[in-house]
Amino acid sequence: MAAAASPLALALALAALAAAAWPSLVGAALEDPAELLRRAKEPGFLDWMVGVRRRIHENPELGYEEFATSELVRLELDAMGIPYKHPFAVTGVVATVGTGGPPFVALRADMDALPMQESVEWEHKSKVPGKMHGCGHDAHVAMLLGSAKILQEHRDELQGTVVLVFQPAEEGGGGAKKMIEAGAVEKIDAMFGLHVADIVPIGVLASRPGPIMAGSGFFEAVISGKGGHAALPHHTIDPILAASNVIVSLQQLVSREADPLDSQVVTVGKFQGGGAFNVIPDSVTIGGTFRAFLKESFSQLKKRIEEVIVSQASVQRCSAAVDFLEKDRPFFPPTVNSPELHDFFVKVASEMVGSKNVRDREPLMGAEDFAFYAEAIPVTYYYFVGMYNETRGPQAPHHSPYFTINEDALPYGAAMQASLAARYLLEHQHHAATPDKAKTHDEL
C-alpha cells in the first residue's frame, strides 16, 4: 500500500495545479463577453465610469476645443499604464493595448459637445454657458476608457493590438477625416464604433448590415434681387418670392426625381431676409441639409440643388450664389456596416446579452463621421447601445436641451467594445504578419 501524501505535499500539488490553470481561466474570462459585462457592472468599476462621464459632462467642449477632455483621457490612461500618442487633429488621443503587433483592431469614441444651453437641473449640469453634452459623447468617452481598463487587465492574453481612438469634432467638424489625415488609423484591420440610443431599451444592442446612417451635406444660398418699398413691388425684384419658389422646387427633388425606394431628404431650415414689414429686401439667405444612403444619390442631389436654386432664382429675375460649406462642414459619406462584421457582432453580442436582446436597427437619416473610417480601414462597424428605461420617465431625444444619459448603459458599451476587440484579434490570427514583420506599431 502506498504511503499517504503529507499535507504539505498536497498543498504544493494543489498550488501547482492552480498556477497551471490560472492563465487559461483568465483567458476564458477575456473570451466570455458575459463575464466582461459582469466586470463592468461591478460597483467600483461602474462608479468610476460614472465619475468620468460626469466630469466630462460638467465641462463640455466643442469640436477641436476638447483640451480638458483630452487631458482627462490622458490622465486616466496614465493611471492604467496604457501608452498613447497625442495630439492627433488638435486634441485627439490614440492609445494601444496588447502585443504591439498585428492584427490591429480599433475602437473609437467621439469627445465633442454641442453649442446649446442645458435645461436639465441636476448636480452635474454643464458649467459652461451655451455648451452641453446633448448627444452622449461624454458617455462614449467613459465607455471607451472602461474598455481600456478591461483590456489592460487582460493585456497579456490579447492576440494582437487594440487601438483606442479618442476623436474630436464629430458634430459637423469632420474630426474622423482629420484623424485619418494625421495618420491615427494606419494599418488598422477593423474598427468598431458605437452610440448610445435614446429609444433602444437598456440592455439591448442594435445594428444592421449595410447602410446604417445617411451621408449628409449642407448648403447655403444668397438670392439677390432689388429692394424697395412694399407698396411698389413693380419697382423691385423680389428675392423673397424667388426664395419661396426655390424652396418649393427643392422639395420636388425627392418627391419627383428620387426613386421612392432610395431614401433621400432635402430640408431647408434657414430663411433670413428683410427686417421691416413694408420693405422688400435686396437679398435673402436660405440654407439647409441634404441626406442620402447611396453615394450616387448624394452626388445627384448636390448637383440638382445648385441647378434648382440658380434656375428658379433666374425665373424671378434674381441671381443666386450657392455654397456647400465644405471647408467648415465637410460632406459625411454614408455609414455602411460590413456584412462580415455584422455576423461577428451578432455572435459576440448574443453571448453578452442573449440573442433576444440583439436587434436589427432601421437605417437612420442622421449622419455620423465614423463613415470616414471606412475609406481608410478594410472593414468597419457601427452599432447602438440601448439606454431607454421607461421607469426613468420620458427620455428626451439627442440634441435636446433636456437630453440625459441613463448611466446604467455604461457597462454595456465598455464590455461590448472590449469583447469585440478581443474576439476579433483571436479570430484573425491568420491575417497577422510573420514574426519578423510583427513589429511595434510605430506610427501610433
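# Briefing: a predicted protein chain

R317 is exposed, with a relative accessible area of 56% (buried means under 20%, exposed over 50%, and partly exposed in between, with a 1.4 Å probe and protein chains only). R317 sits in the loop between α8 and β13. The model is predicted: local features need pLDDT of at least 70, side-chain atom pairs count only at pLDDT 80 or more, and totals for chains, interfaces and linings use all residues. Residues are numbered from 1 along each chain as its sequence is written, and side-chain values use heavy atoms, with hydrogens and water left out.

**The whole chain**

- The protein chain has ten helices and 16 strands. Both are DSSP runs numbered from the N terminus: helices are H or I with at least four residues, strands are E with at least two.
- Of its 444 residues, 51% count as buried.
- Along the principal axes, the C-alpha atoms fill a box of roughly 120 × 50 × 40 Å.
- Take the contacts with a separation of 6 or more: 81% of them are between residues 24 or more positions apart. Contact means heavy atoms within 4.5 Å.

- Two packed helices are described by the angle between their axes and the distance between the axes.
- Axes are lines fitted to C-alpha atoms, for helices over the stretch in contact, and angles run from 0 to 180 degrees between N-to-C directions.
- Helix α2 (residues 33–41) packs against helix α3 (residues 43–58) at an angle of about 70 degrees, with the axes 5 Å apart. That makes α2 roughly perpendicular to α3. (Angles of 65 to 115 degrees count as roughly perpendicular, under 35 as roughly parallel, over 145 as roughly antiparallel, and the rest as oblique.)
- On the α2 side, R39, A40 and K41 take part; they meet P43, F45, L46 and M49 in α3. This contact has five nonpolar, no polar and two charged residues. (Ala, Val, Leu, Ile, Met, Phe, Trp, Tyr, Cys and Pro count as nonpolar; Asp, Glu, Lys and Arg count as charged; the others, Gly among them, count as polar.)
- α2 also meets helix α10 (residues 410–427): their axes come within 8 Å and cross at roughly 145 degrees.
- P33, L36, L37, A40 and K41 of α2 touch P411, Y412, A415, A418, S419 and R423 of α10. By class, these are eight nonpolar, one polar and two charged residues.

**Salt bridges**

- Side chains of opposite charge can pair when their charged atoms come close.
- The count comes to 20 salt bridges. The rule asks for a side-chain nitrogen of Lys or Arg within 4 Å of a carboxyl oxygen of Asp or Glu.
- R38 pairs with E35, with the closest N and O atoms 2.8 Å apart. The two are three residues apart in helix α2, so about one helical turn separates them. R38 is partly exposed at 47%, and E35 is partly exposed at 30%.
- E407 and R54 meet in a salt bridge of 2.8 Å, N to O. E407 lies in the loop between β16 (379–388) and α10, and R54 in helix α3, so the pair ties together parts 353 residues apart in sequence. E407 counts as buried at 13%, while R54 is partly exposed at 27%.
- A network of salt bridges links R53, R54, D138 and E407.
- R108 pairs with D369, with the closest N and O atoms 2.7 Å apart. R108 is in strand β3 (residues 104–110) and D369 in the loop between β15 (358–360) and β16, 261 residues apart. R108 is buried at 2%, and D369 is buried at 0%.

**Backbone points to check**

- Most residues other than glycine have a negative phi, and most peptide bonds are trans.
- R317 has a positive phi, near 65 degrees.
- A169 has a positive phi too, near 55 degrees. A169 lies in the loop between β4 (161–167) and α6 (175–181) and is buried at 1%.
- A cis peptide bond joins H86 and P87, with omega about 0 degrees. P87 is in strand β1 (residues 84–88).
- Another cis peptide bond joins P102 and P103, with omega about -5 degrees. P103 is in the loop between β2 (92–98) and β3.

**Around Q316**

- Q316 lies in the loop between α8 (295–315) and β13 (319–323). Q316 is partly exposed at 22%.
- Beyond its neighbours within four places in sequence, Q316 is in contact with I237, L241, A242 and N245.
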